[in-house]
Amino acid sequence: MFHEILSALVAVATLQNLLIMIAGIWGGVIVGAIPGMTGTMAVTLALPFTFYMEPVPSILLLVALYKGSTYGGSVSAILIKTPGTASAACTALDGYPLAQQGKAGKALNMALYSSVIGDFISNLSLIFFAAPLAVLALRIGPPEFFMLMLFALTTVAGVSGSSLLLGLVSAALGLLLATVGEDMYGSFRFAFTPDMQAGLSIAPVLIGLFALPELIKLVVMRVAKKEEAATLGAQHVTREEFMGSLKAILKGSVIGSVLGAIPGIGPSSAAFFSYGEAQRSSKKGANFGKGELEGIAASESANNGACGATMIPLLALGVPGDVITGVMLGAFMIQGLTPGPLLFQTNIHEVYMLLIGMLVSSVLLFFAGKVTMHMFSKVSHIPQTLLTPLVLLLCIFGIYSIASSTFDVAVLLVMGVVGFGMFLLNIPAAPFLIAFILGPMLEENLRRALAISRGDVSVLLSSPITWIFAVLILFVLTITVRREIQKTKTERRLAQ
Amino acid sequence: MPKPVLRGLIIVAFFALTAFVLVPAYVPRPAFIPGFAPPPDMWPRTVALAGIVLGALALLFAFTRERPADEPVETDGSSPARMVARFAGLMVAFVLFLVAIPLLGFLVATMLLTLCIVLMTGERGNHVWIALLAFGGPILLQLFFHSALGTQFPKGVLTKPFGF
């Protein structure tokens, strides 16, 4: 094992890989810092470029973008009170008041230190937990995999958007779209045109669904936010300030790592949970929301802490926990690697390279954050009316270059319209995407399980593991419904 | 019509159309299926039927539950008719773009689409930036993808004599 780690370290430590990771982190920080641009967009826009790269550098690029954008989201949150990403919403609560006090640089530095520590701890958790989980997963068969994926889908549907029902509708739409094309026995389904016989590619569907609705919203509703960015002001975080926030950072990192590993939870919920916990347990809890560094530390350590951990279910079980890891699953598949327990047997060298690369990218995040801090206030000023059409341009060229297919460009545009329609109807897009990616595997495992059991549906509840997942699904459904009922009651009470 | 009712109706209609029209017509059953493997229409039919149930529940809750109103969609204050017109304009732009690719080539079609979109966002100042984005952007991207990745972009029937 030591020899494998060493050889992976040597393989990662090439100039090419380091440059790719630096570009990814730096690009991610910039994209995350621009209001309206999200980490999901950064990762999806980079996807077409990874087609021409080796498997490990391509995944490292996407991971670096993910981490960079998660930290970058805090920049616009602190400078212009507009979180670049949803996971940075809590950071704005204390970051912007600090910026107004002339301490934007201090807030950005604290966000950077917390993000780096959270990210590093999260990567360690990935290294220690992914392999044992994969070994455990090797013992499960098609019925268990079907139930596991159903569980992941239910969780994502439950936590995305405001309604479980709409989350499930979104997942059903994604599952249906995934059936387009040739099935496992060679039948063509919903092949309305010859191009559709091969099915719909992942890249145009997901890029269209997540990047284009922003453009359509801008054209139709014309809401482009313009905010004045604060200057950096006081920059250094003193030793006392750092030590005072260290407990919140460590706690946030652990919260991020644990919640990030659960499919469907992701960085945003981790940040809110960690912020609430820090506020509850801190002596300065009353200052939260008024410009407290500890608040930034709690939020940022948790959201970056979730980044590495979301890779645990992806690598070990082949189940993406959120949209970005869903995109990464697509990137793995495009590269001929299938995440899941077998990855640890067939491609262990690549797995170690990936894990080491992720640790290295934590260090790079620190330097990228430091170097780019001064250009941040300028980046946040790019008008959306120019930026969003640029995104469309990148999408169109990127998608066309993947398969030289005008049909894929058409799919991209149609999915953008579908995404906009879902936005208008308040149907969340995340379950749709996860279902679209998991759909073929879900169906294949179900059909295999039914074939093995000679059509007996009870095979789906034939082992203790399937029962565990069935109970977990019921549990998730119950707590989600309960939460929704409580929320409705509270809102009704407030209205009265 | 209230939004939750409309939403429920759209969901039910879409999944019903899939289950009762599209699946029978566009998911053919092979003459021979090995062993006890379920037929290819089993999964899409199951998902579509589940979708109908979910849509019916959404519709039921829209009538019976007093749910809090959805957050209003942020706009620039334009009338709904104007926003529908903008949306229709955008759809026309997308369709014309796809139609223009074989005629004008990928490069020119993309330039026209970008220019159109920038103007549709309401951007009227920054003339230099608009020109750079609409004309310089596609040229740079085409050069990059063509030289770095070897992508061959389609040339137009009308613009082929000019080389693009």
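A residue counts as buried if 20 or more other C-beta atoms lie within 10 Å of its own, exposed if 12 or fewer, and partly exposed in between, with C-beta atoms placed from the backbone. Helices (H or I, at least four residues) are DSSP runs numbered from the N terminus, as are strands (E, at least two).

This is a predicted model: local features need pLDDT of at least 70, side-chain atom pairs count only at pLDDT 80 or more, and totals for chains, interfaces and linings use all residues. Residues are numbered from 1 along each chain as its sequence is written, and chains are lettered from A and ligands numbered from 1 in the order in which they are written.

**Stop 1: helix 15, chain A.** Select residues 323–334. Because 10 of the 12 residues are buried, helix 15 is largely enclosed by the rest of the structure. Among the buried ones are Met328(A) and Phe332(A). Now show helix 4 (55–80) and helix 21 (430–452) of chain A, which are among its cover. Step past the end of helix 15 to Gly336(A), where phi is positive, near 85°.

**Stop 2: helix 3, chain A.** Select residues 39–50. Here 11 of the 12 residues are buried, including Pro48(A) and Thr50(A). The cover includes helix 2 (15–33), helix 15 and helix 19 (384–403) of chain A.

Terms used:
The expected span of a helix is 1.5 Å times one less than its number of residues. Two residues are in contact if their C-beta atoms, placed from the backbone, lie within 7 Å.
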